[in-house]
Amino acid sequence: MTDPQPLSRGARALRAGHTAIAVVELSCLGYVWTCALTGRRDVLLHGAMSVLAAEGVGLVIGRGNCPLGPLQQRLGDPVPLFELVLPPVWARRAVPILAGISGVGIALALRPVRRS
């Protein structure tokens, strides 16, 4: 979807920052799943889980929506971040799907490691 009008400097800056946050969070999700599948346990895993937990708190505060959404709209950016890369139906499904994938990954990463 293309933007109907050019974005303000503030809206572009927020979009860039929001994108950077999303990249970090997706990287954390990938690392949690890497640890879940390999049995690795380290400080970075705990950091990744903390980042994902903070995102979860933000989603609770936003009642299932990104808490940056209202700020984004006030700055004149009407397109939600996920709608920049996904069709609207899938953009709305992305948050619950990613939350579920995060929860399962964290649960698996926290399970006791069997030693042979």
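I looked up the largest pocket first: 35 residues line it, with Glu55, Leu59, Cys66, Phe82 and Val95 nearest its centre. A pocket here is an open set of points on a 1 Å grid over the protein atoms alone, where a 1.4 Å probe fits, with protein on both sides within 12 Å along at least five of seven lines; lining residues have an atom within 4 Å of a point.

The model is predicted, with local features needing pLDDT of at least 70 and side-chain atom pairs pLDDT 80 or more, while totals for chains, interfaces and linings use all residues. Residues are numbered from 1 along each chain, and side-chain values use heavy atoms, without hydrogens and water.

H1 (9–38), H2 (43–61), H3 (69–74) and H4 (88–110) each supply at least two lining residues, and H4 gives the largest share, seven.

Last, I searched the whole structure for salt bridges (a side-chain nitrogen of Lys or Arg within 4 Å of a carboxyl oxygen of Asp or Glu) and found one. Arg15 pairs with Asp77, the closest N and O atoms being 2.7 Å apart. Arg15 sits in H1 and Asp77 in the loop between H3 and H4, 62 residues apart. Both are buried (under 20% relative accessible area, 1.4 Å probe, protein chains only).

Conventions: Helices (H or I, at least four residues) and strands (E, at least two) are DSSP runs, numbered from the N terminus. Buried means under 20% relative accessible area, exposed over 50%, partly exposed in between (1.4 Å probe, protein chains only).
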